[in-house]
Amino acid sequence: MKAHLGLPRAALRPVAGPERRRYAGLSAPERRAGRRARLLEAGLQFYGTLGFRHTTIPQLCSEAGVTARHFYEEFGTQETLLRSVFDRIADDLLEAIRFELYVPGRTWSEIVRESCAAYFRHMTADRRRARVFALEIVGVSTELDLHRKRVRDAFAAVTSESCERLTAHGGAPDLDVRLLSIGLAGAAEALTIEWVLARPRPAVDELIDQLSNVWIRTLQIDHLNPALAP
């Protein structure tokens, strides 16, 4: 039997190895990562504007430039996508807060204010983030509500550690810093919801001042020596 176009049979076999897996210069894992990133961005866009309950999978796929099959391969359900969008926001937010809590050379009052500022500035820099984080994630399912609590506990653990450092330096010694941190995390979320929904919106600096003052007065930071550094 003749070989096609004069090529030997070996040249007609499927190409093995990395070359076979590349398309438009990207490997299969790279293409999959790109689809996932685009779906996450589409989720932020629709959940943060139209809302989770009013978003359809065809809308997400069209925005991300993927097929429904790709959506189900990556996330399976819209609830899983919502959780992933929420987690990405939470991870970035927690990193920003943690950074501000450990900048050297600051007084305790400065630490409190800058960590509160990191929270609200990150949230309000993109209204979609604030809406997903504080509103769209709530009440979707019991599992998501439990996940949201676990994320809130992670935030509380970070702030509790700083509160414990503060009490060791003479701050309010008789407080349960974990419960305080959980309560003030809830206050931060409530202020975020107010910023999303209120018309006119409160100024971001006002949100920062309100939450900072609660922290400072509750922990009695205003009674400490202002020059006292952590």
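Modeller: When I sort residues, Ala, Val, Leu, Ile, Met, Phe, Trp, Tyr, Cys and Pro count as nonpolar, Asp, Glu, Lys and Arg as charged, and the others, Gly among them, as polar. This is a predicted model, where local features need pLDDT of at least 70 and side-chain atom pairs count only at pLDDT 80 or more, while totals for chains, interfaces and linings use all residues. Residues are numbered from 1 along each chain as its sequence is written, and side-chain values use heavy atoms, with hydrogens and water left out.

Colleague: Okay, what secondary structure does the protein have?

Modeller: I take helices (H or I, at least four residues) and strands (E, at least two) from DSSP runs, numbered from the N terminus. Read that way, the order of elements is α-α-α-α-α-α-α-α-α-α-α. The tally is zero strands and eleven helices.

Colleague: And what percentage of its residues count as buried?

Modeller: Buried means under 20% relative accessible area, exposed over 50%, and partly exposed in between (1.4 Å probe, protein chains only). Out of 230 residues, the buried share is 41%.

Colleague: What share of the contacts links residues 24 or more positions apart?

Modeller: A contact here is heavy atoms within 4.5 Å. Taking the contacts with a separation of 6 or more, residues 24 or more positions apart account for 71%.

Colleague: How much space is in the largest cavity?

Modeller: Rolling a probe the size of a water molecule over the atoms shows where empty space is left. A cavity is a set of points, on a 1 Å grid over the protein atoms alone, where a 1.4 Å probe fits but cannot get out; its lining residues have an atom within 4 Å of a point. Grid points are joined across faces, edges and corners, and the volume is the space filled by probe spheres set on the points. One cavity reaches 30 Å³ or more, and the largest holds about 380 Å³.

Colleague: Which of the lining residues are closest to its centre?

Modeller: The lining of the largest cavity divides into 21 nonpolar residues, four polar and three charged. That's 28 residues, and the closest to the centre are Ile97, Ser115, Thr159, Leu211 and Trp215.

Colleague: Which helix gives the largest share of that lining?

Modeller: At least two lining residues each come from α6, α7 (108-124), α9 (142-168), α10 (177-197) and α11 (204-218). The largest share is nine residues, and the helix supplying them is α9.

Colleague: Which side chain has a polar contact with glutamate 100?

Modeller: Glutamate 100 sits in α6, and it counts as buried because its relative accessibility is 15%. Beyond neighbours within four places in sequence, the residues in contact with glutamate 100 include Ile111, Glu114, Ser115 and Ala118. A polar contact is a pair of N or O atoms within 3.5 Å; within protein, one must be able to donate a hydrogen and the other to accept it, and residues adjacent in sequence count only if both atoms are side-chain atoms. At 2.8 Å, the side-chain partner of glutamate 100 is arginine 106.

Colleague: How far apart in space are leucine 135 and leucine 197?

Modeller: Leucine 135 belongs to α8, a helix with seven of its ten residues buried, but leucine 135 itself is partly exposed because its relative accessible area is 25%. Leaving out residues up to four places away in sequence, leucine 135 touches Ala130, Ile193, Val196 and Leu197. Leucine 135 and leucine 197 are 62 residues apart in sequence, yet C-alpha to C-alpha they are separated by 9.9 Å.

Colleague: Which residue does a cis peptide bond join to arginine 199?

Modeller: Look in the loop between α10 and α11, where proline 200 is placed. Omega is about 0° for the bond that joins arginine 199 to proline 200.

Notes:
1 Å grid on protein atoms, 1.4 Å probe; cavity = no way out; pocket = protein on both sides within 12 Å on 5 of 7 lines; lining within 4 Å.
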